[in-house]
Amino acid sequence: MMTTSLYGSLVPFFLLTALMMAPVSESRKSFREIVSISGGDRVESEGTQWAVLVAGSNGYENYRHQADVCHAYQILKANGLKDENIIVFMYDDIANNENNPTKGIIINKPDGHDVYNGVPKDYTGDATTAANLYAVLLGNKTALSGGSGKVLNSGPNDYVFFYYADHGSTGLMSMPVGDDIYANDLMKVLKQMHQAKKYLNMVIYIEACESGSMLQGLLPKDMGIYATTAANTEESSYAYYCPGDSTDDDPSKYDTCLGDLYSIAWMEDSDAHDLGKETLQKQYLTVKKRTNLSHVMQYGNTALSKAVLSTYMGRRSKKVASIPLDELSSSNSRAVLQRDADLVFFRRQVQKAKGSTKSVEAQKRLDEQITHRSHLDRSIKQIVNHLFGGSNVASMLTTVRPGDQPVVDDWDCLKTFVRTYEQHCGRLSEYGMQYTRAMANMCNAGVDKDRMEAASIQACSGKAK
């Protein structure tokens with residue numbers, strides 16, 4: 001008792017001394033870090049925990065993204081976060097989709113339990129826009145269009161967890177409706193949040209192709225944000241729990257990938273552990289090991305990874321999963337490139353429709369997908385060839401900037417090039433998003449809008465396809 005009393009009386013003195021000696025630039029997070037080092041975990045519990053969960057796609061072929069977000073919600077809810085503090089973006093066209101064999105139910109792994117039940121319908125359908133997401137993060141209700149009206153009402157002592165799952169590419173991520181999320185726009189929002197003291201510390205998990213490009217050279221280390229991504233700036237992330245292309249080899253009734261490799265890795269790890277005993281860094285290393293087809297990356301203030309998961313994902317202690325993590329990690333479930341996962345669904349539809357009245361329509365949908373991919377490949381290469389010559393096509397498509405630089409200097413140029421291409425050549429689609437790297441490289445090489453437009457017209461005969 002005497003030792004405890006002495007410790008309690010000395011801790012405030014040591015903390016105050018340490019805080020006074022810390023550099024001014026350490027910002028408001030320093031006190032919490034000093035407290036944590038001193039064993040004062042109780043102080044961290046003062047802040048409210050908030051979460052924003054975003055599935056950036058729609059369509060049954062993209063089943064996995066909404067399944068990921070629903071699973072993430074169940075983890076947070078089971079660990080004590082309240083619905084009023086969890087904000088969900090999902091198009092909500094999967095659970096009752098005509099192709100879903102279990103109506104009203106969404107699963108995130110083969111033979112898994114329902115993760116859809118109870119998920120808040122905050123922003124669905126036409127409300128799943130980048131503009132609404134920015135408004136939610138900034139707590140700006142007046143800027144919303146549709147949805148539940150729920151926004152981050154967080155403050156300077158609160159903890160925010162932001163999770164996104166969908167398709168991405170160099171410098172941007174998709175949303176189901178309207179404009180994409182560009183890295184510079186997201187960064188502006190995060191900086192505004194920091195300036196407005198919308199959080200004490202924040203954690204970001206991003207599942208998307210080239211997801212590192214959303215943060216590379218952009219996220220400062222002094223904003224109290226720690227982030228991990230499913231991939232670096234130049235590679236695809238992977239869909240997971242995918243059926244085979246042929247229904248003869250794989251009788252799976254879902255006909256689509258049920259999850260994503262990085263997302264499944266962090267969520268099944270969370271299911272298998274007491275969040276109050278595992279740190280963000282430990283989870284990062286576990287996820288990195290399991291996500292062995294892409295490079296899981298860290299950005300921002302990595303010192304924050306010393307915090308336990310319960311700091312952001314709920315403080316309620318719970319029984320951990322009965323399945324050992326080693327067994328989860330050794331799963332031989334099929335992984336597929338994000339941009340090819342839709343073909344798994346369309347090919348299985350063709351297989352299942354053989355001999356029926358649906359056969360012609362199913363084959364037509366598959367053929368359209370393949371034809372559109374060929375159009376994208378051809379038109380982009382023709383544009384680059386027109387601007388730089390055939391010998392430079394490969395380098396323009398693949399050149400990657402050093403790790404301390406953002407992928408493009410002029411973000412308005414990149415946005416203009418994407419719009420110009422789509423105006424004359426048609427929608428990029430999830431597959432075509434990979435070519436935003438070439439567009440970023442064109443911007444960095446000094447190509448202007450007029451030259452890009454002329455090249456697009458020449459490549460596509462002025463007609464969107």
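Helix α6 lies across the strands β3, β7 and β8 (225-229), and its direction makes an angle of about 135° with β7. Such angles run from 0 to 180 degrees between N-to-C directions, with axes fitted as lines to C-alpha atoms, for helices over the stretch in contact. Contact here means heavy atoms within 4.5 Å. The helix and strand names come from DSSP runs, numbered from the N terminus: helices are H or I runs of at least four residues, and strands are E runs of at least two.

Before going on, please keep in mind that this is a predicted model, in which local features need pLDDT of at least 70 and side-chain atom pairs count only at pLDDT 80 or more, while totals for chains, interfaces and linings use all residues. Residues are numbered from 1 along each chain as its sequence is written, and side-chain values use heavy atoms, leaving out hydrogens and water.

Six strands form an open sheet with mixed pairing, in the order β2-β1-β3-β7-β8-β11. At its edges are β2 and β11 (297-300), each of which pairs on one side only. From one strand to the next, the twist averages 10°. Two strands count as paired if DSSP finds at least two bridges between them. For β3 and β7 (residues 201-207), seven bridges join the two strands, which run parallel.

Next comes helix α4 (residues 130-138), which is mostly covered, with seven of its nine residues buried. Buried means under 20% relative accessible area, exposed means over 50%, and partly exposed lies in between (1.4 Å probe, protein chains only). Among the buried residues of α4 are L133, Y134 and V136. What do the buried residues of α4 pack against? Their partners are β1 (49-55), β2 (86-89), β3 (159-165), β6 (181-182) and α5 (183-195). Just after the helix, G139 takes a positive phi of about 70°.

Strand β9 (residues 238-242) is mostly covered too: five of its five residues are buried. It pairs in the antiparallel sense with β12 (residues 334-337) over three bridges, and C242 has R334 as its bridge partner in β12. β9 also pairs with β10 (residues 259-260), again antiparallel, over two bridges. There, Y240 stands opposite G259.

In the loop between β9 and β10 you will find D245. This residue is partly exposed, because its relative accessible area is 27%. Leaving aside residues up to four places away in sequence, D245 touches R334, V344, R347, R348 and Q351. D245 and Q349 are 104 residues apart in sequence, yet their C-alpha atoms are 9.4 Å apart in space.

Which helix gives the largest share of its lining? That is α7, with three residues. Both α6 (261-271) and α7 (280-290) supply at least two lining residues each.
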